Structures are given as C-alpha cells and as structure tokens.
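Dear colleague,

Please find the structure below, handed over for your review. The findings follow directly after it.

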Amino acid sequence: MKTKNLVLIAMLLGMGTVLSLILSITNFGMRPDVLLVMMFIAILLFPETKHVLLIGLLTGFLSGLISTFPGGFIPNIIDKFITAFICLALVVLLQKIKNSVVKAGILSVIGTVVSGVVFLGSALIIVSLPAPFLVLFSTVVLPAIVLNTILTVIVYPIVQSVMKRSNFEPIQKSA
C-alpha cells in the first residue's frame, strides 16, 4: 500500500468521523452514520482487497468509538467489516456503469441497507435491541439510506475533482 493512499483513506475516514460527531441529526436517539458515506467513497477510490480490509476495520472501530447505541462497539465493527466487502463485490459488479455518480448512488443505497441489517442483526444477538427490529429499520435505516445517498452523490464528485486537480491517481483495478 502506498503512503499517499493510506493518507487519503485516513483523511476520508477522519472527516467522516468528525462529521458524524458534528451532525447531531437524531432520530429516536440515533443518528445516521455519515462515516459510512466516507467508507463508500474510500472503497470506490481504492477497490482492492487489502485496502477494503483496512477501510472496513478502521471504519468499524471509529464508528464503534462514537456510537450512541448502547453496546454498539462490537456490532459496528462486525457491520462495517461485512459491509465493506459486500461493497467491494458491488463495485466489481458495477464496473460496466460508466457514470460514477450513478455507481456511487447505487453503492450507497445497497451498502446502507446491508449495513443497517447487519448492525441491527448483530446488535440483536449481542446486546439486544431497544425496540423491535422492523421499527428500528424503518425509523433509522430507511432515513439513513436517503441521507447517505444524497451525501454520497454530492461528496463523491467533489473528492474526484480534488483528486484530479492534485494529479492523484486512484486505483483502477478491483479485487
């Protein structure tokens, strides 16, 4: 792994962590996971297994640290790790889509659904849920899908533009 790739991944995840802390959009005591948006962008930029392993583990750890969900540390690590590799598979499957914004939007919708289901499922098994699964899915995950998709579609082209202006070459191959 090149140092400049690691630095960009760290910057994206750091910004996602700060934004997650600053944006206090709450929905029944829970907030959408803005760090997840940065994970999607990092995976789109660096679709290699070694990068995705690092991205998934770091995102899970950071998400777990700032989680407001009771006992949410371990479910966050499980969720982000699994979601990261499913997103890598999606990036590979979506290679034929040339429009990067459309690809980012599709990845965000499916990735947020996977993340929400895996998080709630693992939290149910490990620490139990404060409300029924379907209630939490419909009141937390569904709004997060909308917010994450909007943010991904806005932020991803900005990151691409900055990378192009700085002559930064993202990885083109996948898995």
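Helices (H or I, at least four residues) and strands (E, at least two) are taken here as DSSP runs, numbered from the N terminus. The model is a predicted one, in which local features need pLDDT of at least 70 and side-chain atom pairs count only at pLDDT 80 or more, while totals for chains, interfaces and linings use all residues. Residues are numbered from 1 along each chain as its sequence is written, and side-chain values use heavy atoms, with hydrogens and water left out.

Overall architecture

The protein contains six helices and zero strands, which gives the pattern α-α-α-α-α-α along the sequence. Its C-alpha trace spans about 45 × 30 × 30 Å along the principal axes.

For accessibility, buried means under 20% relative accessible area, exposed over 50%, and partly exposed in between (1.4 Å probe, protein chains only). Buried residues account for 45% of the 175 residues. Accessible areas come from the Shrake-Rupley method with a 1.4 Å probe, and for residues only the protein chains shown count as cover. The protein exposes about 8600 Å², of which carbon and sulfur atoms supply 74%.

A contact means heavy atoms within 4.5 Å. Among contacts between residues at least 6 apart in sequence, 75% join residues at least 24 apart.

Thr-83 lies in helix α4, which covers residues 73-93. Thr-83 is buried because its relative accessible area is 0%. Leaving aside residues up to four places away in sequence, Thr-83 touches Leu-36, Met-39, Phe-40, Gly-111, Val-114 and Ser-115.

Helix α4 also holds Ile-74, which counts as partly exposed at 44% relative accessibility. Between Ile-74 and Leu-58 there are 13 Å from C-alpha to C-alpha, with the two residues 16 apart in sequence.

Leu-57 belongs to helix α3, residues 49-66, and is partly exposed at 40% relative accessibility.

Charged side chains

Side chains of opposite charge can pair when their charged atoms come close. A salt bridge is defined here as a side-chain nitrogen of Lys or Arg within 4 Å of a carboxyl oxygen of Asp or Glu. The count by this rule is two salt bridges.

One of them joins the side chains of Glu-48 and Lys-50 at 4.0 Å, N to O. Glu-48 is buried at 10% relative accessibility, whereas Lys-50 is partly exposed at 40%. Another links Asp-79 with Lys-80, where the closest N and O atoms are 2.6 Å apart. Asp-79 has a relative accessible area of 1% and is therefore buried; Lys-80 is likewise buried, at 1%.

For the charge count, Lys and Arg are positive and Asp and Glu negative, with His and the chain ends not counted. Each charge is placed at NZ of Lys, CZ of Arg, CG of Asp or CD of Glu. The mean positions of the 11 positive and 4 negative charges are 8 Å apart.

Val-101 is in helix α5 and is partly exposed at 28% relative accessibility. Val-101 and Tyr-156 are separated by 55 residues in sequence, yet by 7.3 Å in space, C-alpha to C-alpha. Val-101 touches Val-153 and Pro-157, again not counting residues up to four places away in sequence.

Ser-128 sits in the loop between α5 (100-126) and α6 (133-165). Most residues other than glycine have a negative phi. The phi of Ser-128, by contrast, is positive, near 75 degrees. Ser-128 is partly exposed, with a relative accessible area of 44%.

Leu-142 is found in helix α6, where it is partly exposed at 38% relative accessibility. The C-alpha atoms of Leu-142 and Phe-168 are 35 Å apart, and the two residues are 26 apart along the chain.

With kind regards
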